[in-house]
Amino acid sequence: MSAVDITVVADAAEAARLVAERLAEQARAGGNIVLTGGSTPRHAYEIAAELESDWSKVELWWGDERCVPPGDQRSNYAMAKAALLDRLEGAPRGVHRMQGELGRDDGVAEYRHELTDVGAFDLVLLGLGADGHVASLFPNFPTLDVTSRDVVGSESGYEPFVDRISMTLSRLCNTHELLFLATGEDKAEAVSHAFADKPSHATPGSLARAADGTTRAILDRAAAAKL
Ligand code: 6PG
């Protein structure tokens, strides 16, 4: 498994800025970008929109979604829409949101179809749960072993407890760059298991590495405290 290139900065604001700069750079270059959910990336998305308002060369994807309508406050798409999409002058060429409102079976089928013939992503952004989960792939869930499919449905192993749609590890890792963003002391344990321990199904973040590319992690000091 390839090594992770780790950058530790003073605080969450600085971590958001670094991730935003990387997103803006990829927006200028174009290609396929996969966004993550959760709340940590919100500020990075806002800054990325300020740094580059023309995303017209980008196809935008989501690594996971909660099975709620797109306007629901728990929706990963809703968060990215408010923090990033609504602030752009040049909309992405493609906005491939997961349709959580279809429920997990139909939502998975639809997104699998959407992903047909998509090759390696250019940039996949991932958060890290305090329990070590990535996207909606939870500790010790059977979904971690699915390699024959790009998208899976799952119960939730973490709040919010609504069904999930998630790209599989093999699909997420098929990227030129996998970029983790984790901040705050509640992530310190998970960060140390994900980046300093042996790969384990108990910490899905330890299994997510670019198959043929770079894996980077941008952390603030609090999240990196146990490394
Ligand atoms: C989701 C996510 C998930 C997220 C982590 C971290 O839909 O919940 O995509 O994997 O990245 O739970 O979330 P926070 O940034 O809110 O801590």
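Tutor: A pocket is an open set of points on a 1 Å grid over the protein atoms alone, with protein on both sides within 12 Å along at least five of seven lines. A molecule sits in one if more than half of its atoms lie within 2 Å of its grid points. In this predicted model, the ligand takes up the space of the largest pocket.

Student: Which residues come nearest to the ligand?

Tutor: Of the 16 residues around the ligand, the nearest are Thr 40, Asp 64, His 133, Ala 135 and Lys 187. Residues are numbered from 1 along each chain, and side-chain values use heavy atoms, without hydrogens or water. Local features need pLDDT of at least 70, and side-chain atom pairs 80 or more, while totals for chains, interfaces and linings use all residues.

Student: How far is the side chain of Thr 40 from a ligand oxygen?

Tutor: A polar contact pairs N or O atoms within 3.5 Å. For Thr 40 the distance is 2.4 Å, for Asn 76 it is 2.8 Å, and for Thr 36 it is 3.4 Å. Of the ligand's own 420 Å² of accessible area (Shrake-Rupley method, 1.4 Å probe), the protein covers 89%.

Student: How many disulfides are there?

Tutor: A disulfide needs two cysteine sulfur atoms within 2.5 Å; the whole structure has zero.

Technical notes:
Near = heavy atom within 4 Å. Polar contact = N/O pair within 3.5 Å; in protein donor to acceptor, adjacent residues only side chain to side chain. 1 Å grid on protein atoms, 1.4 Å probe; cavity = no way out; pocket = protein on both sides within 12 Å on 5 of 7 lines; lining within 4 Å.
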